[in-house]
Amino acid sequence: MLKNLFSPITIKGKTLKNRMAVAPMVTNYCNEDGTCTEMFSAYHEAKAKGGFGMIITEDFAVRPRGKGFKHLPGLWNDEQIPGFKEFTKRIHKHDTVLIAQIYHAGRQSSKMVLGEAPQAPSAIPCPFSPDMPEELSIEEIKKIITEFGDCALRAEKAGFDGIEVHGAHGYLISQFMSSYTNKRTDEYGGSLQNRIRFAVEVVKDIRSKVSNEFIVGYRISADEYVTGGRNIGDTMTIVPYLEEAGIDYIHVSAGVYRSFDDIIPSQYRGHSWNTNAAVEVKKITKLPVISVGRINDPRLAETIIASGKSDIVAMGRQSLTDPETPNKAEEGRFDEIRSCIACHHGCVKNLLNNVPIQCILNPTLGRESEVSLEKTAAPKNIMVIGSGPAGLEAAITAASRGHRVKVFEKNRWAGGQFRIGAVPPGKGEMINYINWQLNELEKLNVPVLMETEVTPELVKKEKPDVIFAATGAEPIIPNIPGADRPNVVTAHDVLSGKVNTGNSVVVVGGGCVGAETANQLANYLKGVTIIEMLDAIAGDEIVVPRWDLLEDLDRNKVRICTKTTVDKITDAGVKVSGAVDEVIPCDTVVLAVGAKPVLALADALKKEGYDVRVIGDASKVGLGGEAIMEGFEVGRTI
């Protein structure tokens, strides 16, 4: 069924064994001086072993002042070549075409990263940076052009099969090409021909320095999705000039930092949402076209290739979540593919904090060479109480090491809070991960006993050597007068389907849980008001999902009252004070003010002398990624 996806394609004499590429993603896995590390190498080798036909590595800076992040790879001097030469040898052992993306961040950097002001075509700061960029002189422009060529040549000397010029996402080349960021009146600004001059000269300089067999690709934002930015029509006009300059493929992405949600879309964005832009680019070029953007299923990738929408499909975050995606797909093991849920909580969150990225669903990411699941010499009987993501991950990891494991769940469904978190609009793909965990346990012959409440008597009968208590958390009921009224419910009960609400609802608590619950209810055409003590809602969400959530709340006409406190709940509604001072009439009040660990059973079993390891929300109420990592670690080290 995937014959198109697994058909080869040749670019400049280099044959990709399939049409699946790893999209370039900043990892912060290299040394600060741009040299290679074992962490960087092992991370990429996992993807090569996993079967990807091509890997496009993250931004290699062409000069130190061109970095957008502290720990990027670099090929701005010859001393960096040897480490990456060993890296390319390692990747090529797995029959993978290897491309080094090269770039200059331009204004999309900061003094914190660079130690000095960033550089740009014009003195217009990036919305994500506090620093005014320094306008480039003609002399500096010419120097940077030669640095791109020199960087490409070093990449060839290091053994890469090619480079990809990063002309997308609002970085320096993109800044020159767009009226949104380029306000120059010299030969590099103004008219289209002037604005694309920098990009064309970069490509020509590269082409003049590397061999004819070396691949020169180009990544472009088809639409910048900002007022005054480039759109698809502009892009279609520009591509032929890049082709004439000497590029060998075109990688069609989207956005700039101001439209960050288009660069790295969240769960709220549809799958393969940017593929139609690749279709438009294909109309005006015979070069291979790569599409990218929320593609997390090989069957979807097959559809894109089979329908002629692009020649290659790039999977970025999916390769983080499951680097073995191609091999599993080719062998028809679709249930074993761990799908990216576009949550941003491990990758983007860490990226924006300038630390090494993680994936909340893949605890081994970035630790490929240091984490192994060796078989135990002393198998234990392990009882897992609770089937949330922490409990299931602990069960998978322990069983993989040879322990005898049973999972017990008192409810009908597995997943705990993670499953409930999948209920609001845009969050449904979270269920895929629980399905994956259950499938892994089935493969490992681990029983998962649903609707089975664990009691001390059951524990005595099972005789476990170790107990993993993943008993989760329960909602906090605040000390508000009237909170015990019959029309007061919790967000947990609403999302789990235990209760319905009236047509007018007040949600008390504007954290992520409260905001998403409000969005769920508003999606049912109910009138909803959020009351939050802080000055903003959903402050515990990552930037892009938060933007999308706020946009959804606005579209669903949810009233948001920040800097407001609930004084009491009455027959008439909810009495609030602060920025808003009134009685808000409602049929139902939904409490979403946090949760606390459920520990009674674990504490009782500890007193009985059992070896109890408390994990997940039962240990500390937090995010799903923290619970999954904790489950993995307890299963790995038991």
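User: Is Ala-117 buried or exposed?

Analyst: The model is predicted, so local features need pLDDT of at least 70 and side-chain atom pairs count only at pLDDT 80 or more, while totals for chains, interfaces and linings use all residues. Residues are numbered from 1 along each chain as its sequence is written, and side-chain values use heavy atoms, with hydrogens and water left out. Buried means under 20% relative accessible area, exposed over 50%, and partly exposed in between (1.4 Å probe, protein chains only). Ala-117 has a relative accessible area of 16%, so it is buried.

User: Where does Ala-117 lie, and which residues does it touch?

Analyst: Ala-117 sits in the loop between helix H3 (111–114) and strand S6 (119–120). Helices (H or I, at least four residues) and strands (E, at least two) are DSSP runs, numbered from the N terminus. Contact means heavy atoms within 4.5 Å. Setting aside residues up to four places away in sequence, Ala-117 touches Arg-65, Lys-111 and Met-132. Ala-117 and Asp-571 are 454 residues apart in sequence, and their C-alpha atoms are 59 Å apart in space.

User: Is Thr-57 buried or exposed, and what is it in contact with?

Analyst: Thr-57 belongs to strand S4 (residues 54–61). Its relative accessible area is 0%, so Thr-57 is buried. Beyond its neighbours within four places in sequence, the contacts of Thr-57 include Phe-40, Phe-87 and Phe-160. Pro-24, His-44, Leu-98, Ile-99, Ala-100 and Gln-101 are also among them.

User: How do I read the packing of H20 and H21?

Analyst: Two packed helices are described by the angle between their axes and the distance between the axes. Axes are lines fitted to C-alpha atoms, for helices over the stretch in contact, and angles run from 0 to 180 degrees between N-to-C directions. The axes of H20 (residues 512–523) and H21 (residues 543–555) come within 10 Å and cross at roughly 40°. That makes H20 oblique to H21. Angles under 35 degrees count as roughly parallel, over 145 as roughly antiparallel, 65 to 115 as roughly perpendicular and the rest as oblique. H20 passes H21 in a left-handed crossing. A crossing is left-handed if the near helix is turned anticlockwise from the far one by less than a right angle, and right-handed if clockwise.

User: Which residues make that contact?

Analyst: H20 supplies Ala-515, Glu-516, Ala-518 and Asn-519, and H21 supplies Leu-549, Asp-552 and Leu-553. By class, the contact of H20 with H21 has 4 nonpolar, 1 polar and 2 charged residues. Ala, Val, Leu, Ile, Met, Phe, Trp, Tyr, Cys and Pro count as nonpolar, Asp, Glu, Lys and Arg as charged, and the others, Gly among them, as polar.

User: What is the strand order in the sheet with S22?

Analyst: Two strands pair if DSSP finds at least two bridges between them. Here 3 strands form an open sheet in the order S22-S23-S24, with antiparallel pairing. S22 (564–569) and S24 (582–584) are the edges; each has a single partner strand, so one side of each is left without a neighbour in the sheet. Neighbouring strands of this sheet are turned by 35° against each other on average, direction ignored. S22 and S23 (residues 574–578) run antiparallel, joined by 5 bridges. Val-566 has Val-576 of S23 as its bridge partner. Thr-564 has Gly-578 of S23. The hairpin of S22 and S23 has 4 residues between the strands, and Gly-573 in this hairpin takes a positive phi near 150°.
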